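User: Please take a close look at the aromatic rings in this structure and at what surrounds them.

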Amino acid sequence: VNGTLHGLRVLLVDDNVHMLETMSDVLHCWGARVDTAADVHTAVVRFEQQAYDAAVVDMVMPGMSGIELIRLLRPAHPGTVFVILTAYADRRSVQQACTDENVPVLFKPVDLEELLRLLSDATGAAAARQGGAARATDESWN
Amino acid sequence: MASAVSREIVPGRPGVLRTLGPSALLLLGGTTAFETLKQVVYPGLSLWQSHAVTIVFSTLAGTAAAHFLLRRYRRTRRRFDDEMVRRRRTEDEAAAIEQRYRSVVENIGIGVAVVNRDMSVGALNRHMRAWFPAVNPVSRPVCYRVFNDPPREEPCTYCPVVKTLEDGRVHEAVTKTPDGTGTRSYRIISSPVRDSSGRVTAAIETVEDVTEREQAEGKVRRSEERYRWITENIQDVIYSITSKGTIGFLSGDCEGILGIPAGDVVGKSLVEAGSTVSVLPEALQHVMELYGRTVAEGRQAIDGEVRFLRNGEVRYLEHKGRVQYEKDGTLAGSIGVVRDITERKRAEAELGRRNAELVELNDLKNQLLGTAAHDLRNPLSVVQTASSFLLDRDSKLLTEERKATFIRRINASSQFMLKLIDNLLDVARIESGRLDLELEDCDLCGLVEDNLTLNRMLAEKKGIRLDFVPGCGLPTLRLDSGKMAQVLNNLVSNALKFSGSGTTVRVSAARMNGSVVVSVRDHGQGIPAEELEKLFKPFGTTSARSTAGEKSTGLGLAISRKIVEAHGGTIRAESEVGKGSTFTFTLPVAAAPPPTGPGRPQGDGR
């Protein structure tokens, strides 16, 4: 598993510090470059500072829900893959909300293989994007 | 009748006078005329002439007298005959009347007997003879022997005949005689018979079988009693309205339901009655409209509810009525029942309110459960993720240091879960009213000091100064020291959780107006005013963030509030964003909560 997500830039957003750190370590082991945000405000600031290939966002946070945060960030960052993590017991309503927003959702405790699969897709997309961007750059130079 | 007969029978003397008087006058006149004739005429006549005149005169006078007397006789005779005819006719009529009376007495449907002064039976009518066929009045049997079975040797004590014979008045009695099937009742009326001097010579006894009548009367009386009992004892009012729109009949608990005696409104029109019983005008209007509409449409049932003001109190009446029509369809009136349903209405409202409360409580419980599950899932997720990662075959690539970090997180998360579960159980216990306080005399200052000692290490680690300002003269309080320590720990650890390095958390305790006031003040980030309200509710977490990532179960303040309130105290929070918060709770000095511990001895309040 190690190194599968090599070079992927991931932002973790969760108000639960233990969760944040654990997931950070896991993604790190998978080879991703991980940043963390313990609240919505920090997450927005991080996105202003740099672009991310993927963002794993907790659903329930003080001030703003994960879905609302994604709705806020997505227009400016169309290349980023967003994944919702939630501890909600009412799976159906969360599933519905995420389907409406076209965001994949994972329920806590997290199925790591599923998360890895979702983020691997993001890696592929990022590679393709980078390739495309390189080509575009080449063309511009030409 | 007797006087009429005597006047006709004795006209003798005036008749003789009327005959003899004129005869004497006639004789006297004739004689006088003859003497005058002799004196005046005779001297001029010869002897034979005078004889001839005498003869002629005498003949004329005699003839006239005879004629007069004959006429008189004839007239008298005719009168006598007429009298005789009239008398005979009268006697016949009297006989016929007597016969009719006799027939009536003989055939009347009640028994009639004549009882003489010596108590012998003088006569019986047919009815009486049918009852007593063996009694023969000819042998003058004694009444109490023959009219009783078995025969009596002396008159019955109640006998009205005896009384009538004694005092000459009418007397009445009812006797009951055993019969084959039951008891038969007879009413005896005794009336006196007097002779011409007014002396009571006998008594007429009428005997009537009144068994059926008594039974019928008893039935009617019982039915009336039953009806009266029902109408007087039912909780409803029964009424009737006449075709003219006036109240014809009003019965039942009129005073209890309408607040007025029935007599005040019976006979009045609905409008007049309405003003008497102060039916709310719109309610009365409603009733009148309903009534009018029902009649106009020719329907029968008028049912509805009326809001009603009785002695200034709003009552609700349920009304079930029926309009009655004659055969030709004209209005005959209406009848109805009015029932006071105020209590039912109140009970329904109360039930509705309680149901809403329960629904709300149930929603709250579900919400609580959902939140609890959510809050447990987070640390569980940490445990799961960290442990599965540690178990992964690639974990050998992890450094020992990183492995230790994972294990520390598992430990911390499971500790948090334990705390959350403990708190949830506390909340459940409190919500179900099973918060048992173990009260003991307690030094509050000592309790605060102990608590600060526990928290001082954490405070130093975060670079926070922890102060205690004990007020003077703090009394010994009766508290559950374990639970109160839980409250203090919650407030102090919260203050440390949200305070930054270099700030001060100050705990103070002071006596104020019969209460002890404990406050914990921090200089942390503060709580927005709109979030203060939900602070003491379960999972009522705020947007404030702990300064070192400490976690909250969201239940600590809710539990603290319940514990303080169980001690008869109050808890509140004041805060200003950017400046810090103050949590204050007060405990009454003299009060021990009534359901738990025994009361404090008197004079121990200091």
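User: At its relative accessibility, does Trp131(B) count as buried, partly exposed or exposed?

Analyst: Trp131(B) counts as partly exposed, at 30% relative accessibility. Buried means under 20% relative accessible area, exposed over 50%, and partly exposed in between, with a 1.4 Å probe and protein chains only. Tyr186(B) counts as buried, at 18%. The rings of Trp131(B) and Tyr186(B) form an edge-to-face pair, with centres 5.7 Å apart and planes at 85°. Rings of Phe, Tyr and Trp (its six-membered ring) pair if their centres lie within 6.5 Å; planes under 30 degrees apart are stacked, over 60 edge-to-face, the rest tilted. Trp131(B) sits in helix H4 (residues 126-131) of chain B, and Tyr186(B) in strand S4 (residues 183-194) of chain B, so the pair ties together parts 55 residues apart in sequence. Helices (H or I, at least four residues) and strands (E, at least two) are DSSP runs, numbered from the N terminus.

This is a predicted model: local features need pLDDT of at least 70, side-chain atom pairs count only at pLDDT 80 or more, and totals for chains, interfaces and linings use all residues. Residues are numbered from 1 along each chain as written, chains are lettered from A and ligands numbered from 1 in the order written, and side-chain values use heavy atoms, without hydrogens and water.

Over all chains, the whole structure holds 8 aromatic pairs. One of them, Phe47(A) with Phe82(A), is stacked: 5.9 Å centre to centre, 25° between the planes. Phe47(A) is buried at 3%. Phe82(A) is buried too, at 2%. Ring pairs link Phe47(A), Tyr52(A) and Phe82(A) into a cluster.
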